[in-house]
Amino acid sequence: MVLAAGLTAALVGCEGTDPGWTEEAESSQAGLADGYNLVVTGVSPTTVTVGGSVTFSATIQNTGTAATPAGVVHGLSFWVNGTQVSWSDTHTASLPAGGSVTLTANSGPTGTRLWQAPGTPGTHTLKAFVDDINRMPAETNESDNEYSVPLTVAATATCSDRVRNGTETGVDCGPDCGPCEWAFTAVPRATLRQSARKVYAHWHYYPVSIDNYNPTTNDYYERGYIAVNGEGGTHAAYGGMMRERPLARRTRPEADWRLRDAKDDIQLAARIGIDGFYLNLWTDSDVNNGGVWTRAKTIVDAASQLGDFDIVPNFDMTILNTGSASGDQDTMIRILGKLEASPALLKRPDGKFVVGLFNPAAQGRTASFYATVKQRAAAELGMNLYLVPVFLGTGSTALFEEYKTVGDAYAGWGTAIPVTTAGYSGGLKTKAAGYGKPWIHPVSSQDFRPKDKAFWEARNSLTLRSIWENVIADGLDQVQIITWNDQHEHHNIRPSTGKQWPAYDMTAYYIQWFKTGTRPTIERDVLYYNHRLHNASLAPTRQASVDLATCRAGCPATNDVELVGFLKSAGRLEITQGATTYGVDKTEGGVQAIRTAMAVGTPTFRLKRSGATVVQFQSMHPIVGTTEYQDLLYRAGGSSRAALPSCATSCVNGEARCLLCPGEPLWLKR
Ligand SMILES: [Ca+2]
Ligand SMILES: [Ca+2]
Ligand SMILES: [Ca+2]
């Protein structure tokens, strides 16, 4: 605004000596005559809710060539439907030529600055009138002091009225309308919950904190899983088990920190419309670093206390292995008995408990094994089970046949590569329907397992986006997100230090689209980047070549930097690496992606419109030309949740880790 005003002044100055000075310009002489002139350039708010009390503000400007006198009240009054309702009579500072100031009502004819809206919706006229009682009679124009706009009295505050109202902290965003960091306006969770389409996410073993120690130095994620020599050196050959960790929180002083963390975890998932967790279970003991059963049970307890979030006990039949079929069945019945009374357990309308079976064929088990589990649950616990075998991949015809009697719905674990075949998920839905079963489709994002020396080529965020778009296009009814929090296989969408928020934020967009059937409108430009830290073919300097992770599907590895714009309208997306800028003009808004080959350095991302830069930011994750251990995790970040400068400057070490800066959110980079 300042620049525009200066530019206008400069042009006016030039025109004075321009031989092309015309009669047309002469006709606007009133505004150019020597002296000051007050006008109103804007008034707010222009939408209020029924019965709401508002204080009007207006911006006044001196469009003249001289300053207004100091010490004289720059009066301003507000009128609704021709009746004066409030005024401002406190501003006495001189307003220079071209200067503006926003004045807010400080009183009114009834002794209050407030105006109360009527109790019924409707459209009214709001007028702001500067120098209304002519304290400044020397204006060069006395006939341009009034400014009128329609004033809408809306039924109630909503998240889609494009007005900041209700509890919002931004226009149609904030507490009840979803985060302002999202590109779109979120519908209420209640709306998403009412949808017949269901979204579950797999919860696997890794809570926000394992031991409540300091996450910057010595909590279990750091010392056990990320450290090269963690867990007694078990993971040293491949440089540690994890390349990232859940976004940390400070050490909690409360004794029930596990329960508090679990509630935070659930609320974070609920916020994007996830209906519940398929909760990975294989033991009711606390083994392996402690707390296996405690972690799972705490999630059930947290969901039961919070309400409105479903838990599906999901037995991990790969790990659940006591050595005998009857021992395994005993474990399953014992666990179900311990959970039976929890209100969060998902029940069908007919009272059946939904129970998942991950990799049901593990250890050579067959349908008869699960028929026994069903019989025993009914006889010993009074629980009727609705069994959902979750097949590896998407299951085989042999598995569909095997479980047609004991299974009540079919699901798959899927694969973290892009879907390029139209009708792919719909074909599986049709196939399951042929057995009379609903199909729960897996939605993956990426998969990198240092421990198993394996990766699946996700092609940046294309796997996540293409699977969701396929699921929506094919009219699927239920999905399972693979996964919410499996930090070890790195396919968690729960925000983490490497992946940050984009998978979570993008999933929020797709869940809303999936559940409502309407593609969310992009209200705010948000850019997301996604790239690895190094070229997949880079030979690590310490890791033995025999341990290099191999590509399992979607091969070969790609080595691209991706930029995805959630765009309000057409624009140009650019990726700058070194002296090279790659850009594409997108002729429409919506979800728009570009990709280019990665180069060593720190990429810069940009959105331009009409040649002007609208959004620009750098990757949090520099691309390197040398590495000790292979790292095929796709890192990500976005323009709406960038690292805060004050935090970045406090993170001066080479690793650029940026956690626990006082008073700042903990979503910053490793
Ligand atoms: Ca005037
Ligand atoms: Ca006047
Ligand atoms: Ca609103």
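Let me start at one residue: aspartate 560, which is found in strand S23, residues 560-567. Strands here are DSSP runs of E with at least two residues, helices are runs of H or I with at least four, and both are numbered from the N terminus. The model is a predicted one, where local features need pLDDT of at least 70 and side-chain atom pairs count only at pLDDT 80 or more, while totals for chains, interfaces and linings use all residues. Residues are numbered from 1 along each chain as its sequence is written, and chains are lettered from A and ligands numbered from 1 in the order in which they are written.

The cut-offs are 20 or more other C-beta atoms within 10 Å for buried, 12 or fewer for exposed, and partly exposed in between, with C-beta atoms placed from the backbone. Leaving out residues up to four places away in sequence, aspartate 560 touches Asn460, His531, Arg595, Thr596, Ala597 and Met598. Contact means C-beta atoms, placed from the backbone, within 7 Å. Arginine 334 is 226 residues away from aspartate 560 in sequence and 49 Å away in space, C-alpha to C-alpha.

Now the chain as a whole. The protein chain has 15 helices and 29 strands, and 43% of its 670 residues count as buried. Its C-alpha atoms fill a box of roughly 100 × 60 × 50 Å along the principal axes. Among contacts with a separation of 6 or more, 70% are between residues 24 or more positions apart.

Next, the cores. A nonpolar core is a set of buried Ala, Val, Leu, Ile, Met, Phe, Trp, Tyr and Cys residues joined through C-beta atoms within 7 Å. The largest has 117 residues, and those with the most contacts inside it are Phe277, Leu279, Ile299, Ile311 and Val312. Helix H14, residues 502-516, supplies the largest share of this core, 8 residues. Apart from it lies another core of 22 residues, including Val48 and Trp115. Back to leucine 279: beyond its neighbours within four places in sequence, its contacts include Trp203, Ile299, Ile311 and Val312.

Helix H9 covers residues 325-339. Its 15 residues reach 21 Å from first C-alpha to last, close to the 21 Å expected at 1.5 Å a residue, where the expected span is 1.5 Å times one less than the number of residues. The buried residues of H9 are Asp328, Met332, Ile335, Leu336 and Leu339. Seen down the axis, they fall within an arc of 100 degrees, so they line one face of the helix; the arc is that of the directions from the helix axis to the C-beta atoms. The buried residues of H9 pack against strand S12 (276-281), helix H8 (292-306), strand S13 (310-316) and helix H10 (367-381). Exposed residues Ser326 and Gly327 sit on the face turned away from the buried side.

Last, some backbone details. Which peptide bonds are cis? One joins isoleucine 482 and threonine 483, with omega about 0 degrees; another runs from cysteine 555 to proline 556, with omega near 0 degrees. Proline 556 is in the loop between strand S22 (550-553) and S23, the strand that holds aspartate 560. Asparagine 81 has a positive phi, near 50 degrees, and is in the loop between strands S5 (76-80) and S6 (83-88).

Terms used:
Two residues are in contact if their C-beta atoms, placed from the backbone, lie within 7 Å.
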